[in-house]
Amino acid sequence: MSEERGGQENIQPSTPKYQVAYSEGVRRLPVYFLLDTSQEMAGKPIRDMRLGIEAFEREVGADPFAAETVQIAVITFGGEAKLATNGLIPLDVFGKVFNSESINAGGHTNLGQAFNILSESLHKDFRTPVEGGQKGDWKAIIFVLLGSEPVDEWKKSHLALMNLHQQKILNIIPISLALNIEETIRNIAIGPIINAGNEGYSLGKMFSWVSQTILEDEPEKILSEQKEEIKMSEQLADNEQEKIQTQPETPKWQVTKSEGTRRLPVYLLLDTSGSMAGDPIRDVRLGVEAFKEQVASDPFAEETVYVGVITFGEEANFVTKGLVPIAKFRDEFNTESLIANGQTPLGQALWLLEESLDKDIKAPVKGGDKGDWKPLIFILTDGEPTDEWRKPREAILSRQQKKVINLITVGCGPRINQQTLKEISMGSPKGSTFIMGNDSEAFKKFFDWVSQTTSKIAKSVSQPDGGDKPTDIDQPPFQYIP
């Protein structure tokens, strides 16, 4: 940026790593959803299915690599089967034209019809390799959500799909939403089998796993091919495609954790002073509500994330009464309890945080339990503190310097004193203080970023040795204060 800008924006990271130009001939990743919309899916299952499709579009669509490559088709089979998307369509178009409310439950389970429509689409819409030229599409991933026994003849149409599989064109991953269809699911599968069951299953978790299945495999291969121009042999390409087939036979979230599972504490310190009244406090409520749903639906975060909310308005208040599991936070925390009034007692809030870090965080035991992961702490404030805050700030700063916490401060008001905000900050020399504005879009971006950061770190620490190395997180989409 030129010096004429004069503001602080010129020290934002210049270009995110993921801004890579793609050619017109980029290989596509076809993804088909075959959704059981029979009458057995009426009520909560069909509502959860709608929400899951919407979450999938948001999560995968937010990934720049996936946005360039993923093509979506939705086939429903409740009553008469139909191709609801009229073919394979780009992910960004899918998000604009497909209305999840069009998914309704009714009729019988005509899986055979759905397989026939799938075969037609694969023959018509799937790009096959051209000898000496274009490699064609990546191997299609087909997710079949089945909640009841099919009522039509499906085995003949399934044989046609088996032939396409032998040509290394597709994988079929059936997901059982009922307990009495195991044999049918086994006969359908061309790839792993997922059994979600029908008692307490979460379609939200399932769609989150689907998103991660797509995001973790194909975009990385495409990026490697684009940036390094690696010309793989057809055999190597086939080997890479087999990664999809080696997904675990049970979803990652169906793993029994021991009592000693390491927790990822996340603290939200929220300014609820009188100056936050009106739209700002309403946007905070909406943001916390979105945070609850997004993080609680992430299978990695669900197992590890514990949340503590401290508000500072008329007085500081540890509204969650300590750290609570994300699922409990989602189900029991009432965002309407966030009310704006009073001054800005940040000092009191920092003392409550300091007390909780001493009392609630599980420290490592030499030769035994490793304790909790390093807490994530987000401070959101719109004004100057009205009490003594420097002493508790110093107490917490010593923890930051010992690298036992991560803390980021974000100013959200139009009259923020940047110098005070920077003094409050306890970040690294690279900085962890930002200004985000105070309109609804800014609050939404903040809580989306908090959710994404929490989920990303939860996923990282859930991997073998994942927490033993730094996790790169995205820069907040706000102005950095040096």
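Buried, on this tour, means under 20% relative accessible area, exposed means over 50%, and partly exposed is in between (1.4 Å probe, protein chains only). This is a predicted model, so local features need pLDDT of at least 70 and side-chain atom pairs count only at pLDDT 80 or more, while totals for chains, interfaces and linings use all residues. Residues are numbered from 1 along each chain as its sequence is written, and side-chain values use heavy atoms, with hydrogens and water left out.

**The whole chain**

Start with the cartoon view. Of the 482 residues in the protein chain, 52% are buried. Take contact to mean heavy atoms within 4.5 Å: among contacts between residues at least 6 apart in sequence, 79% join residues at least 24 apart.

**The largest core**

Next, select Val-284 and Leu-380. In the largest nonpolar core, which has 41 residues, these two touch the most other members. A nonpolar core here is a set of buried Ala, Val, Leu, Ile, Met, Phe, Trp, Tyr and Cys residues joined through side-chain atoms within 4.5 Å. Colour the elements that give two or more residues to this core: strands β8 (264–271), β9 (305–312), β12 (376–381) and β13 (406–411), plus helices α9 (279–296), α11 (326–332) and α15 (440–462). Helix α15 supplies the largest share, 9 residues.

Now zoom in on Leu-380. Beyond its neighbours within four places in sequence, its contacts include Val-284, Phe-312, Val-410, Phe-443, Phe-446 and Phe-447. Apart from this core lies another, of 30 residues, with Ala-81, Leu-111, Phe-115 and Ile-188 among them.

**Aromatic pairs**

How many aromatic pairs does a search of the whole structure find? There are 10, where rings of Phe, Tyr and Trp (its six-membered ring) pair if their centres lie within 6.5 Å; planes under 30 degrees apart count as stacked, over 60 as edge-to-face and the rest as tilted.

Phe-94 is buried at a relative accessible area of 2%, and Phe-98 is buried at 14%.

Then jump to Phe-446 and Phe-478, a tilted pair at 6.5 Å centre to centre and 35° between the planes. Phe-446 sits in helix α15 and Phe-478 in the loop between α15 and β15 (479–480), so the pair ties together parts that are 32 residues apart in sequence. Phe-446 is buried at 1% relative accessible area, and Phe-478 counts as buried at 6%. For an aromatic cluster, pick Phe-33, Phe-56 and Phe-143.

**Two crossing helices**

Show α12 (residues 346–359) and α13 (residues 390–401). Their axes come within 8 Å and cross at roughly 35°; axes are lines fitted to C-alpha atoms, for helices over the stretch in contact, and angles run from 0 to 180 degrees between N-to-C directions. Residues making the contact include Leu-350, Trp-351 and Leu-357 of α12, and Pro-392, Ala-395 and Ile-396 of α13.

**Last stop: Gln-113**

Finish in helix α4 (residues 111–125), which holds Gln-113. Is this residue buried or partly exposed? Gln-113 counts as partly exposed, at 31% relative accessibility. Leaving aside neighbours within four places in sequence, Gln-113 is in contact with Gly-79, Glu-80, Ala-81 and Asp-152. The C-alpha atoms of Gln-113 and Phe-77 are separated by 7.5 Å, with the two residues 36 apart along the chain.

Methods: Helices (H or I, at least four residues) and strands (E, at least two) are DSSP runs, numbered from the N terminus.
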